[in-house]
Amino acid sequence: MKLLLENWRNYVLLENIETATRLSIFDFDETIAFTEGYINVVDKETGEEFQTRSQEEYDAVKDDDRYEFDFSPLDNVHNATENPNITSIMRDRLADPETQVMVLTARAPVSIDDIHRVLRTFEKPIQTDNIIIGVEGANKGNYLVNVILSKYNNIKEIEFYDDSQINIEDMNQVKKELESVERKIKFNIYLVKHGKPELVGG
């Protein structure tokens, strides 16, 4: 995990985030785009193998030590369909010079090129030159705190879009922690359900 965070840190430092006041973070699968894919799961106690094909199925077993996960089927993006409810927001944020857009996904680094390709081949292409893509995220809340907020004091506003309830809870914990310190950041968290973002809390 330490090496992973360092790799993330080095990647982010190359990007032009230091002038942004707003950070807009988007999950990829079932948020930016609807995709076909699965994760292979092995029950280490019984040897049983099965697949998770949705975020809900994966969230239900991801923290159980009895299971071993093979994410290689997600190395490539298959049959991606744009979610205009989210991509319209992305395009708006990309047009704002004070906003840094980030795609934060659990996919492996090998998928980065595919994500760039998908975004650029939508009917109305999304240019990705100024998008930070972070991959293999364990706890997205920890990533935000340890890699972004610890480095960039210029961020005054954050918005987060994700279809995973667990990721929403992790990020909501960060929001609560930020409210208890002097650093004032406007923080909006959106759970994406059936492609539509719903504001969590107030």
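Author: The open sheet consists of three strands in the order β4-β3-β5, with antiparallel pairing. Strands here are DSSP runs of E with at least two residues, helices are runs of H or I with at least four, and both are numbered from the N terminus; two strands pair if DSSP finds at least two bridges between them. This is a predicted model, in which local features need pLDDT of at least 70, side-chain atom pairs count only at pLDDT 80 or more, and totals for chains, interfaces and linings use all residues. Residues are numbered from 1 along each chain as its sequence is written, and side-chain values use heavy atoms, leaving out hydrogens and water.

The edges are β4 (49-52) and β5 (67-70), each of which pairs on one side only. Strand β3 (residues 39-43) joins β5 in the antiparallel sense over four bridges, and N40 stands opposite D70 in β5. On average, neighbouring strands of this sheet are turned by 30° against each other, direction ignored; axes are lines fitted to C-alpha atoms, for helices over the stretch in contact, and angles run from 0 to 180 degrees between N-to-C directions.

As for the cores, a nonpolar core is a set of buried Ala, Val, Leu, Ile, Met, Phe, Trp, Tyr and Cys residues joined through side-chain atoms within 4.5 Å. Buried means under 20% relative accessible area, exposed over 50%, and partly exposed in between (1.4 Å probe, protein chains only). The largest core has 24 residues, among which L23, L144, I148, I158 and F187 touch the most other members. Its largest share, five residues, comes from α5.
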